[in-house]
Amino acid sequence: MNVTDVTTERIYNFSAGPAILPEPVLRQAQRDLFSLPGVGMSVLELSHRGKVFEGILEKTQQDLAALLGIPSNYKILFLQGGASMQFSMIAMNFLPRTGSADYINTGEWSKKAIKEAKRVGTVHVAGTSEETNFDRIPSQQELSFSSGAAYVHYTSNNTIFGTEFSYVPSVGRHHLVCDMSSDILSGPIDVSRFSLIYAGTQKNMGPAGATCCIICDDFLETAAEGLHTMLDYKVMASNNSLYNTPPCFTIYMVGLVAKYLLDEGGLTVMAERNRKKAAVIYDAIDSSDGFYRGHARPDSRSRMNITFRLPSEELEKRFVAESESAGFSGLKGHRSVGGLRASVYNAFPLAGCEALAQFMDGFRRGA
Ligand code: PMP
């Protein structure tokens, strides 16, 4: 294939992650990739120990703090090993070997977090919807916490099943730990309710390569001693994520995304856009006379990942093939749910949701 034959047009990217990024961010990265203004080299080539990179890291942290309203007694870290590494780090740092922690089990990612925690201590499942293939979020009343739990862990948005907590669980005096990988920055949150928030950067925050971890100083103080250095939150915090070489480019990109979101008006604006975008696709499902069936129950629907089935697997295959020809990418669902999944993170445009709704309508009529 000749490179000149390759399209450089952007298409509607419904990927669950790594996922679509804001166009102004991509354009600025493209400009800066040859030389950062006034620096004479790109962020790919800078020492992480120099003033320029330190400035990029600090500005990224400041802008995230401004966006999310992160109080000053929290550290903002950029760690490696993906959100999956956090499943282990959280348990190793905060779950005593003879102790227990409470986990709310709402899907594949919660299960993986539970699996790693069980290697360290005892896990009590505080609530689950596994019996109905994770089609809903348990209500606050269904959750039961154990008195001695070191912390309560939950997944705020279930990327695979397409469900999302519409509330922050009340956990009394327990520490609350949350995997926000797929809905962080989608709307405002009260960070002070959480002892630890973590999120892989590759959905709403930027490209793959880092995990953002927002951790309260009081909780950090309680971390175990004597851990392997790279798995020790205290080491990562006291070195401001610079104990070893950090994912410099990803952090720089998260900084551009944070700045972009501030310029757009912040997270209240994003929440309203996300609500509108998701409603367009859910309306297409709900008005299809049962042709499209949402996996998530209406009260548990995710604004980020919209999962739905068609009347047969054959139609689902045809839908994927035809949608790809029509310029939609990444709609095939995860094998645990089957069917289709439209991921519409912050950077995904409303016009793309409208185009998909129209395509869905046309496909149904032609089926
Ligand atoms: N948690 C959630 C909610 C996710 O969606 C994902 C990845 N899609 C992960 C954890 C794992 O992230 P990583 O691939 O960065 O380890």
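Predicted model: local features only at pLDDT ≥ 70, side-chain atom pairs only at ≥ 80, totals over all residues.
The largest pocket holds about 470 Å³ of space, whereas the largest cavity holds about 60 Å³.

- In soluble globular proteins, nonpolar side chains tend to be buried together.
- Once neighbours within four places in sequence are left aside, Y151 is in contact with I90, A91, F94, L95, A101, D102, Y103, A117, H175, V177 and F219.

**The largest pocket**

- The largest pocket, with about 470 Å³ of space, is lined by 24 residues, of which E164, F165, S166, D183 and R303 are the closest to its centre.
- Helix α8 (residues 267-286) gives the most to the lining of the largest pocket, namely 5 residues.
- Sorted by class, the lining of the largest pocket is made up of 12 nonpolar, 6 polar and 6 charged residues.

**The cavity**

- There is 1 cavity of 30 Å³ or more in the model, and the space in the largest cavity comes to about 60 Å³.
- The residues that line the largest cavity are I20, L21, P22, K203, N204, V257, Y260, L261, M270, N346 and A347, and α7 supplies the largest share of this lining, 3 residues.
- By class, 8 nonpolar, 2 polar and 1 charged residues make up the lining of the largest cavity.

**Aromatic pairs and a cluster**

- The count of aromatic pairs comes to 22.
- One of them joins F291 and F363, whose ring centres are 6.5 Å apart and whose planes stand at 50 degrees, so the pair is tilted; the limits for that term are 30 degrees, under which planes count as stacked, and 60 degrees, over which they count as edge-to-face.
- This pair links distant parts of the chain, with F291 in the loop between α8 and β11 (293-294) and F363 in helix α10 (residues 350-366), 72 residues apart.
- F291 and F363 are both buried, and both belong to one aromatic cluster together with Y12, F14, Y292, F308, F319, F328, F348 and F359.

**Backbone features**

- Most residues other than glycine have a negative phi, and most peptide bonds are trans.
- The peptide bond from G17 to P18 is cis, with omega near -10 degrees, and P18 lies in the loop between β1 (12-13) and α1 (23-32).
- N133, in the loop between β4 (122-128) and β5 (152-155), has a positive phi near 50 degrees although it is not a glycine, and N133 counts as partly exposed because its relative accessibility is 35%.
- N240, in the loop between α6 (233-238) and α7, also has a positive phi, of about 50 degrees, in a residue other than glycine, and N240 is partly exposed with a relative accessible area of 32%.

**Two buried loop residues**

- F134 is placed in the loop between β4 and β5, and this residue is buried because its relative accessible area is 2%.
- F134 lies 29 residues from N105 in sequence, and their C-alpha atoms are 8.6 Å apart in space; leaving aside neighbours within four places in sequence, F134 is in contact with N105, T106, G107, K111, T128, S129, F161, T163 and H295.
- M205 lies in the loop between β9 (196-200) and β10 (211-216), and M205 is buried, with a relative accessible area of 0%.
- Leaving aside neighbours within four places in sequence, M205 is in contact with L64, I184, L185, A199, C212, M253, V254 and V257, while a separation of 28 Å lies between the C-alpha atoms of M205 and A326, which are 121 residues apart along the chain.

Note on methods. Residues numbered from 1 in each chain as written. Heavy atoms only, no water. Contact = heavy atoms within 4.5 Å. 1 Å grid on protein atoms, 1.4 Å probe; cavity = no way out; pocket = protein on both sides within 12 Å on 5 of 7 lines; lining within 4 Å. Points joined across faces, edges and corners; volume = space filled by probe spheres on them. Helix = DSSP H or I, 4+ residues; strand = E, 2+ residues; numbered from the N terminus. Nonpolar A, V, L, I, M, F, W, Y, C, P; charged D, E, K, R; others polar. Phe/Tyr/Trp six-rings, centres within 6.5 Å; stacked < 30°, edge-to-face > 60°. Buried < 20%, exposed > 50% of the residue type's maximum accessible area, 1.4 Å probe, protein only.
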